[in-house]
Amino acid sequence: LDVKAVVIKQFGGPENLVAAELPDPKPGPGEVVVRVRACALNHLDLFVREGIPAYKIRLPHILGCDVAGEVVETGPGVASAKTGDRVAVSPGRSCLRCEFCLDGKDNHCQRYGIIGAQGGPGGYAELLTVPEAYLLPLPTGIGYDAGAAYPLTFLTAWHMLITLGQCGPGQWVLVLGAGSGVGVASIQTAKLAGARVIAVSTSEEKLEKSRALGADETILTPAQNLVKQTLKITGGRMADIAVEHVGPAVFDAALKSLRCGGRLITCGATTGPIIELDLRYVFSRQLKILGSHMGSQAEMRRVAQLVGEGRLKSVIDRRFELSEARAAHQYLADKRQFGKVVLSLP
Ligand code: ZN
């Protein structure tokens with residue numbers, strides 16, 4: 001019993017994150033053991049800690065979806081990884097044999113899960129067992145913190161903008177909640193696709209940082225009216241795509257900021273799950289409302305390659321030690337961050 005970890009033994013507030021010692025994991029066939037050097041936080045961590053009724057999670061449970069580290073042991077038959085490899089870990093897990101998985105849409109799989117949530121134990125621990133297919137190379141120029149800070153949010157942004165949104169040159173993209181992990185990834189991904197980005201946030205400071213990251217324009221809500229400002233900025237054209245994960249606070253205005261044929265893509269609801277929908281806008285403007293959850297393993301590899309080439313970059317707001325997991329959760333809950341909050345391990 002010598003692997004240090006932070007676990008939850010019951011659902012609830014941050015005080016339920018407790019230190020634990022666990023047995024050494026042994027890699028099975030096709031698996032490796034990764035020494036976790038960094039694990040980034042996501043809002044999902046907070047939701048899982050509080051208890052999501054739809055997720056069947058056995059306690060005690062180890063949180064943490066975004067992991068980077070070093071391969072320290074390989075199981076029988078592992079061909080593509082060796083001890084000492086620097087890696088990030090693809091967070092999605094699926095059955096690999098259903099119709100969706102065989103079609104390359106593994107994030108549609110009925111058994112799809114994310115590590116640290118319903119996909120098994122995560123990275124709030126010194127060691128993590130990973131099937132080799134889910135290892136992503138981490139070039140030496142990219143630190144472990146940066147390696148942990150990109151998989152979930154950049155995969156989400158890629159699937160929303162490139163795959164579902166058909167984002168391309170000249171389009172206008174509204175990024176709601178621009179300071180969040182998904183927001184930061186979406187600004188960069190839309191710019192990489194040649195689009196023009198309007199960052200939207202309730203914080204002037206976060207909007208300044210969004211501009212530094214490449215956002216062309218900014219809207220401060222609720223001080224500025226989202227629809228009117230979008231009209232003004234785009235010269236009456238309105239936006240092609242809205243990247244949405246905020247929920248009721250902005251959903252209606254985001255929908256009304258789209259041009260005919262525009263796409264509102266939603267991957268979350270941090271201000272609540274229920275919205276009012278004016279159907280007249282949806283049919284008369286022929287809008288598309290698209291739900292998005294993570295992305296495929298193939299998309300994950302595309303993203304990893306672009307991160308490796310430095311064309312997409314992790315943005316880290318703050319680092320905490322693993323032992324400070326409670327404080328890190330509170331910090332993320334307070335929504336003061338711009339970019340990712342990362343737990344560092346020695
Ligand atoms: Zn499947």
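Reader: Leaving aside neighbours within four places in sequence, which residues is Asn 42 in contact with?
Author: Quick ground rules: this is a predicted model, where local features need pLDDT of at least 70 and side-chain atom pairs count only at pLDDT 80 or more, while totals for chains, interfaces and linings use all residues. Residues are numbered from 1 along each chain as its sequence is written, and side-chain values use heavy atoms, with hydrogens and water left out. Contact means heavy atoms within 4.5 Å. On that basis, Asn 42 touches Cys 65, Asp 66, Leu 152, Thr 153, Leu 332 and Lys 340.

Reader: Is Asn 42 buried or exposed?
Author: Asn 42 sits in the loop between β3 (31-40) and α1 (43-50); helices (H or I, at least four residues) and strands (E, at least two) are DSSP runs, numbered from the N terminus. The cut-offs are under 20% relative accessible area for buried, over 50% for exposed and partly exposed in between (1.4 Å probe, protein chains only). With a relative accessible area of 5%, Asn 42 is buried.

Reader: Which residues form the aromatic pair, and what kind of pair is it?
Author: The structure holds one such pair. Rings of Phe, Tyr and Trp (its six-membered ring) pair if their centres lie within 6.5 Å, and planes under 30 degrees apart count as stacked, over 60 as edge-to-face and the rest as tilted. Phe 320 and Tyr 331 are 5.8 Å apart centre to centre with 55 degrees between the planes, and the pair is tilted.

Reader: How many residues apart in sequence are the parts that this pair ties together?
Author: Phe 320 is buried at 5% relative accessibility, and Tyr 331 is buried too, at 10%. Phe 320 belongs to strand β16 (residues 316-321) and Tyr 331 to helix α11 (residues 325-333), so the parts tied together are apart by 11 residues.

Reader: Which residue has its charged end over the ring of Tyr 331?
Author: A charge sits over a ring if NZ of Lys or CZ of Arg is within 6 Å of the ring centre and within 35 degrees of the ring normal. Over Tyr 331, at 4.7 Å from the ring centre, is the charged end of Arg 318.

Reader: How far apart in space are Ile 219 and Leu 44?
Author: Ile 219 is in strand β12 (residues 217-220) and is buried, with a relative accessible area of 0%. Ile 219 and Leu 44 are 175 residues apart in sequence, and C-alpha to C-alpha the distance is 26 Å.
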